[in-house]
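Here is a quick tour of a few local features, meant to be read with the coordinates open. Have a look at the chain first, then follow along.

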Amino acid sequence: MNHHPILEGKRALVVGVANEHSIAWGCAKAFHALGAELVLTYLNDKARPHVEPLAAQLGARLLPLDVREPGQLEALFAELQQSGRLDILVHSIAFAPKADLQGGLLDCSLDGFLQAMDVSCHSFVRMAKLVAPLMTQGGSMFAMSYHGADKVVPNYNVMGPVKAALESCCRYLAYELGPRDIRVHAISPGPLKTRAASGLKDFDLLLSDAVARSPLGELVDIDDVGQVCAYLASDFARRLTGSTVYVDGGLNIIA
């Protein structure tokens, strides 16, 4: 088999790079290595200096996106439309107010629940609606989940129901977008030391437990996740859609 960049000629939009530990950064690097052209987004002016040098490393275009700011998502896509089609979307953002995340589900406020659902789940649906018309030759979309969507993980709290909703959204979007040759997957990495994870109580215990219990006996890293997304975005996976794909060394199969 000839070695060739399997994503050559494809354009990817990667949302959620905060720093070099971000899952989204692992995805961006993998797409770039396989020949894709990249657009990255940064949350706000505070985040920009952390993301700018990363975008520069990959020769990526950099645009602002805070999904909570009215009109910003639409502005991003109006801008992207100018430069032609998109083939790949990575949604790797989540948010819950700290008090609502660190308390149990019983104590989660309505406002906290709605904010978590808006940023972590419904923004993917909104994004999919805007991206789909740009995926004129088909494409693939990815949203980041976690095993806490499916089974109870202590301290994951409100994010459990929110990620469960996100995984279900991926299935319904896969169904609705299938006729346009757009494939949608939820990606469920094992515990990773990212900025988002640092908000979870006792996260170090999750990490050591993952190593001890997973069949492969090693933590996954952001490059592992990126390579799986790159494979799923390629023609090698053109008949796969609607799955929740675990990238966790097999941890999810263990009772």
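## A loop valine

V17 sits in the loop that runs between β1 (11-15) and α1 (23-33). Keep in mind that this is a predicted model. Is V17 buried or exposed? With a relative accessibility of 5%, V17 counts as buried.

Which residues does V17 touch, once those up to four places away in sequence are set aside? The list is S22, A24, W25, L40, T41, V51 and L54.

## How α5 and α6 pack

Now for a helix pair. Two packed helices are described by the angle between their axes and the distance between those axes. For helix α5 (residues 110-131) and helix α6 (residues 159-177), the axes come within 9 Å and cross at roughly 15°. Angles under 35 degrees count as roughly parallel, so α5 is roughly parallel to α6. The crossing of the two, α5 and α6, is right-handed.

Who makes the contact? On the α5 side, F113, A116, M117, S120, C121, F124, V125 and A128 take part. From α6 come M159, P161, V162, A165, L166, C169, C170 and L173. Sorted by class, the contact of α5 with α6 has 15 nonpolar residues, one polar and no charged ones.

## Cysteines without a bond

How many disulfides does a search of the whole structure find? The count is zero. C108 is in no disulfide, and the nearest cysteine sulfur, in C121, is 14 Å away. C108 is buried, at 15% relative accessible area.

C121 is one of the α5 residues in the contact with α6, and C121 is buried too, with a relative accessible area of 4%.

## Two positive phi values

Most residues other than glycine have a negative phi. N155 is not a glycine, yet has a positive phi of about 80°. N155 is found in the loop between β5 (139-144) and α6, and is partly exposed, with 23% relative accessible area.

D202 also has a positive phi, near 55°, and is a residue other than glycine. Where is D202 found? D202 lies in the loop between β6 (182-189) and α7 (203-213). At 40% relative accessible area, D202 is partly exposed.

Methods. Residues are numbered from 1 along each chain as its sequence is written. This is a predicted model: local features need pLDDT of at least 70, side-chain atom pairs count only at pLDDT 80 or more; totals for chains, interfaces and linings use all residues. Side-chain values use heavy atoms; hydrogens and water are left out. A disulfide is a pair of cysteine sulfur atoms within 2.5 Å. Buried means under 20% relative accessible area, exposed over 50%, partly exposed in between (1.4 Å probe, protein chains only). Axes are lines fitted to C-alpha atoms, for helices over the stretch in contact, and angles run from 0 to 180 degrees between N-to-C directions. Helices (H or I, at least four residues) and strands (E, at least two) are DSSP runs, numbered from the N terminus. Angles under 35 degrees count as roughly parallel, over 145 as roughly antiparallel, 65 to 115 as roughly perpendicular and the rest as oblique. A crossing is left-handed if the near helix is turned anticlockwise from the far one by less than a right angle, and right-handed if clockwise. Contact means heavy atoms within 4.5 Å. Ala, Val, Leu, Ile, Met, Phe, Trp, Tyr, Cys and Pro count as nonpolar, Asp, Glu, Lys and Arg as charged, and the others, Gly among them, as polar.
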